[in-house]
Amino acid sequence: MTLEAMVLSLYMIFPIISAPQKQLQEHYLESNLTDRSSIEIDGGTALLATLEEWNILMQNEFLNTEEEGIAIENLELLENPELGPQSAGSALALGLEEENYAEIVYKNSLRRLAFFNYGEEYFTPSMPLDGSNSIVNVNSSIIVRNVYDDQYRLSEKITWKNAPTVKDSEMLSKIIYYYGSSSSSIPVRERRELYDKKLVNVIRYSPSGKVLQFEKYSKASAKSKEVLEQKIIYDYDSKDRIIKEESSDLIKDEGRFINKKREYRYLRSNVKPNVWYYEEGKLRLLTEYGENDDTYVETVFFDEGFSIKSEFKDGVKVNETIYHAGVEYGGMLNE
C-alpha cells in the first residue's frame, strides 16, 4: 500500500475535514497525483498508528456533538465470526497471524461507536460535508459507502475497488434509491450503475416491495448513450403472488427484440403454479403440476402442430409421447 492510498482510505473512512486532515489531504491526494512517491510502507502498522493519532483529533474536534456516532450498548454485537470479514487468502483466514484477531474500537465523547476494526474489515459511521449520514465499510477487496437520508433510509450505495494505489482504485458500482413519500420505507425505484460491467439496471417496486419492472441498459463508455437490452414487467394477484411475466430481449445480431411471456396459475396452495410459456405470442411450453412439486407434466410445442409430452414422477421422467395435431404420433415408456 502506498502512502497516498493509505491517506485515501483514511479520507474515505473519516470524511470530516479538520485543519490537520485537510493539510494531509492536499499534500498527498493533490500534489502527488502526478508525481507519486515510490516509497512503500507497511500499510497495517502505519494505518493503525495514524488511526491512534486520528482518534485524539476526532475526540477533541469532531465528536462532541450528538450527531456523530451511533449508540451501541453491547459491542459484542459487532464481533464477526472468525472468518466472517476475511477474504479466502488473507492471513487471518489461513491462520498465519493470530494477532490479527484483535478488535480495535474507537468511541467518541458520548461513548458512541466511531470506528471498528476486526482483521481486514474496517467500519465507521460518519457525516460527510453535505450533511448526510453514511457508513463506510472497508476490506481487502472493496470500499463500500452507504449514505442515508434524514429518515435514515438507504439513499445511495457506492462501491470502490480497494487497490494498492490511488491510480488503480476505481468505482465499481453506484446504486441510488428513490422513495415515493417521506413516510415510505420501501423505494419506488432503484438505479444501479455497474461501471465494471458497463451496465445500468433500473428497477421499480410495488408498495409491498415486489419488483414491478426491470430494465437493463448497456453502455459502451461512461459518456455514451444507454441502450436498452431487456425489459421485464411483472403482475401479481391480491396475495402478492406473481401471475404474469412479460419480457422483451434484444437480439443484438438482428437488431430486434423477441417478446416472451409466462403466465402462472395457482391450483394448490402447497404446490408450484402451472406455467404457460409463450414466445412471440405462440405457446411453447406448458408445465402442469400434480399432487407435489416432483410430479408434473411438461409439454413442448413446435411449429406445424407437433408437440412432446413428458411425464415426471418423483422428479424422474417415466413417459414421453409425441403428438401431431393433437393425435398421438408415437410414445416411449421409461420405467
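Where does Phe302 lie relative to strands E16 and E17? Phe302 is found in the loop that links strand E16 (296-301) to strand E17 (306-313). Helices (H or I, at least four residues) and strands (E, at least two) are DSSP runs, numbered from the N terminus.

This is a predicted model, in which local features need pLDDT of at least 70 and side-chain atom pairs count only at pLDDT 80 or more, while totals for chains, interfaces and linings use all residues. Residues are numbered from 1 along each chain as its sequence is written, and side-chain values use heavy atoms, with hydrogens and water left out.

The protein chain contains four helices and 19 strands. Of its 335 residues, 37% are buried (under 20% relative accessible area, with exposed over 50% and partly exposed in between; 1.4 Å probe, protein chains only). Phe302 counts as partly exposed because its relative accessibility is 44%.

Strand E5 (residues 142-148) has five buried residues out of seven and is therefore largely enclosed by the rest of the structure. The table lists its pairings; two strands pair if DSSP finds at least two bridges between them.

| Pair | Sense | Bridges |
|---|---|---|
| E4 (residues 133-138) and E5 | antiparallel | six bridges |
| E5 and E6 (residues 154-161) | antiparallel | seven bridges |

Within E5, Val144 is the bridge partner of Asn137, and Asn146 stands opposite Lys157 in E6. E4 and E5 form a hairpin with three residues between them. E5 and E6 also form a hairpin, with five residues between them, and Tyr152 in that turn has a positive phi of about 60 degrees.
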